[in-house]
Structures are given as structure tokens and as C-alpha cells.
Amino acid sequence: LEDQGLAGRTMVMLPIVLRYAMLLFFPARLSVEYSPQFVAARAEWSLAAVAGAAVVGAAAGAALAARRRSPAVTVSLAWIGATLLIVANILVPTGILLAERTLYLPSVGAALLLGISWHAAHRRAPAVAYACLGVLLAAGAARTMTRNPIWRDDTTYYPAMVRDAPGSFRAYWTAAELARQRGDLKESERLLRSALQAHPLAWAVWQDLGKLLYFEGRFAEAGDAFWAAWRITGGSAFQAQRAIASNLQAGRADTAEALLARARAVRPGMPLELLLAASDVALARGEYLRSMTFRRQAAWSFPDSARFWSLTAAVALRAGNCPEVLHSIGRLRALPDGAAPAARLDSAARGLRCAP
């Protein structure tokens, strides 16, 4: 849907008209997830798009034809069309191709249409109409009773997503997390890569892949994954920091410095994550005073954070800057959670012969 105009969004949504019809009138196949590529999204003509257009045309024709002889049919069809138009991404893109929860309001029109149809059948063959009604009510009740339990909690919802939506990037992504929780990291990586094949612009999947690769010590690959997430999110400082840290862990200081320069060009205000990343790059270059300066900026931005004063003191020790060491330790002692790190840094300061 991104960058698509009215005509493009209409083309994307035409094949989904068939799914609307099935879910409203014959919901035998339900799914907790309808993301790509379980539901294909392409702004081009296809057999499904032609069929969807035919359904829309037939419904519009039926509504017009029935407006005098059976206005209730016209109202029912108009209700379905108008309420679907709200969620169909045509007038306003919502980012959700299809979700069953968006069909409650259109289902009112579908129920009215079924009621009208049953009334017409009842006038011709009452016994058959009642028998059909009984079968439909029993089938609907059975479907509800067997389907509702999957929404109980995460332990039922996520496995259902994997079963319901094969090929969906979210199903692969969910299965990858379940595999990770089982300790099967190889399978988790395979599933994450399958999710990215289905939807390459899923930045959160790139992030999870980066975390998995980093945990396995594959730092260069992790850096590439985090940087892909950075590109997709349009310059997240958090993703840039992770990409830079991973490349530094991989011994690719030149790459890390180049990524830092690109990230700073996008975020010239130097948010906290980039301050810390710049400090790490300077530290890897042996530029201890420069690294200390960046960390001190972070500490002054968050003066109540023991973490940042600890980081500043640690690099000040490497720079041999006793005044900054003592100042940072003093700030730590004044914080509720700073006593333990201050004690550890005290011994290192004495080794450097830094005395208050």
C-alpha cells in the first residue's frame, strides 16, 4: 500500500474482495493473521483481481436492480459495501490488508441479506427453510465453540497463527520465536530468513535476526541485519547503535565509523544512542579523551543514571584523566544505585594513583 494512489490501492484490494465474501458468508477457513505473503498484495491485474471486480460489479448491479422490488436487499448490500469501504484501504490506507475483527460491522449487512433470503425461501418451502436454518445455526455454533479457545492467551494464539497462515511473514516470525524459546537457534534463524523472504521490509524481523546472530557471536552478520533495520525505519538511532556495536565487535572499525557518519547525517542532533556509539568508535580507535567527552555528554544528559557515570569513569581511567575519574565516582556515590560501581572504580582509581 505504500506510495500507492487510489487506483493502486484499489488494485491491491480487489483480490481481497473474495476473502471478504468467504468470511462473511462461508467462514470455514479462519485465520488470526492475513499478512503477506499468506495474502498476496500486488497492484496489478490477476485472476483473483478480475474475480473480485466481478463480485463488486455483481453486488452493485443487484443493489440497483432490487431498489424498487426489494429495497431491503439494496440496503443490505449498500451497508456491506459502505462499511467495508471504511477498512478496505482504498479511501485511507490503514496498513492492515485484512483482519477478521474489521468485519463485525459489515457482517450486520450480511446477516440482513441472509435473513431476507431465508424469508423468501420460507414462503416457498417452509419445512426446507427451517431445516436449512437449523443446520446453519448448528454449524455456526460449532464453529464458534471450536474457534474461540485460540484467543485465550499467548500459548494458544501464537501456535494458531503458525497453523492458520502458512507463508505469512508474521507466522514465520512467530514460529522463529517459539523455536528460540525451545533453544533451537538454527531453526529460529531459518524461520526468520523465511519471514524476510516473504516481507523484506519487516524491520522488526531484521532486528530479531540481528539479536540472534549477535548472541551466536556472528557479529559482522548481526551488524548487517541491524543496519537493514536502520534503513527500513528511516534512521532509528537505536538500530544504528546496534549496527555500529556489532561491527566493532567484529573488528570492523572502519565500517563502524562509516555507519556512524551516515547515522549522524540523518540525526545531526546526536541522540543518546549515537553519543554512545561515537564513544565506542573513538574507544576502538584508541582516542580515549574523545571517547570520554562523548560519554560525559551522555552522563550530563542523564545525571541520575549510574550507568552513564560508570561508563564515563571507565574511559576516563583509560585516558588517565584523574579529575574526571574522581568527578564521575563522586557523582556515582550520590546516586542510590551508584555505591557498588563506585567501589569497584575506587580500586582502579587507586591503581592509577588518583586520590581525592
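The side chains of Glu33 and Arg170 form a salt bridge, with a nitrogen-to-oxygen distance of 3.0 Å. This pair joins distant parts of the chain, 137 residues apart. The model is a predicted one, and it holds 18 salt bridges.

- Glu33 belongs to the loop between helix H2 (16–25) and helix H3 (47–65), whereas Arg170 is part of helix H8 (residues 169–182).
- Glu33 has a relative accessibility of 8%, and because buried means under 20%, Glu33 counts as buried.
- Arg170, by contrast, has a relative accessible area of 34% and is partly exposed.
- As a general point, side chains of opposite charge can pair when their charged atoms come close.

**The salt bridge of Asp164 and Arg147**

- Asp164 and Arg147 also meet through their side chains in a salt bridge, at 2.7 Å from N to O.
- The two residues lie 17 residues apart and link distant parts of the chain, with Asp164 in helix H7 (residues 154–164) and Arg147 in helix H6 (residues 126–147).
- Both partners, Asp164 and Arg147, are buried.

- A salt bridge connects the side chains of Arg218 and Glu189, with 2.8 Å between N and O.
- Arg218 is partly exposed, at a relative accessible area of 27%, while Glu189 is buried, at 12%.
- Arg218 and Glu189 belong to a network of salt bridges that also links Arg193, Glu216 and Glu221.

**Packing of helices H8 and H9**

- The axes of H8 and H9 are 8 Å apart, and the two helices pack at an angle of about 170°.
- Because angles over 145 degrees count as roughly antiparallel, H8 and H9 are described as roughly antiparallel to each other.
- On the H8 side, the contact is made by Phe169, Tyr172, Trp173, Ala175, Ala176, Ala179, Arg180 and Arg182.
- On the H9 side, the contributing residues are Leu185, Glu187, Ser188, Leu191, Leu192, Ser194, Ala195 and Ala198.
- Sorted by class, the contact of H8 with H9 comprises eleven nonpolar, two polar and three charged residues.

**Nonpolar cores**

- The largest nonpolar core has 54 residues, and among these Val205 and Ile244 touch the most other members.
- With neighbours within four places in sequence left aside, Val205 is in contact with Phe169, Trp173, Leu192, Ala195 and Leu196.
- Of these contacts of Val205, Phe169 and Trp173 of H8 also take part in the contact between H8 and H9, as do Leu192 and Ala195 of H9.
- Another core, of 25 residues, lies apart from the largest one and includes Val32, Tyr34, Ile150 and Met161.

- Leu311 is located in helix H16 (residues 306–319) and is partly exposed, with a relative accessible area of 25%.
- Leu311 and Ser279 are separated by 32 residues in sequence and by 9.8 Å in space, taken from C-alpha to C-alpha.
- Apart from its neighbours within four places in sequence, Leu311 is in contact with Leu276 and Arg295.

Technical notes. Residues numbered from 1 in each chain as written. Predicted model: local features only at pLDDT ≥ 70, side-chain atom pairs only at ≥ 80, totals over all residues. Heavy atoms only, no water. Salt bridge = Lys/Arg side-chain N within 4 Å of Asp/Glu carboxyl O. Helix = DSSP H or I, 4+ residues; strand = E, 2+ residues; numbered from the N terminus. Buried < 20%, exposed > 50% of the residue type's maximum accessible area, 1.4 Å probe, protein only. Axes fitted to C-alpha atoms, helices over the stretch in contact; angles between N-to-C directions. Parallel < 35°, antiparallel > 145°, perpendicular 65-115°, else oblique. Contact = heavy atoms within 4.5 Å. Nonpolar A, V, L, I, M, F, W, Y, C, P; charged D, E, K, R; others polar. Core = buried A, V, L, I, M, F, W, Y, C linked by side-chain atoms within 4.5 Å.
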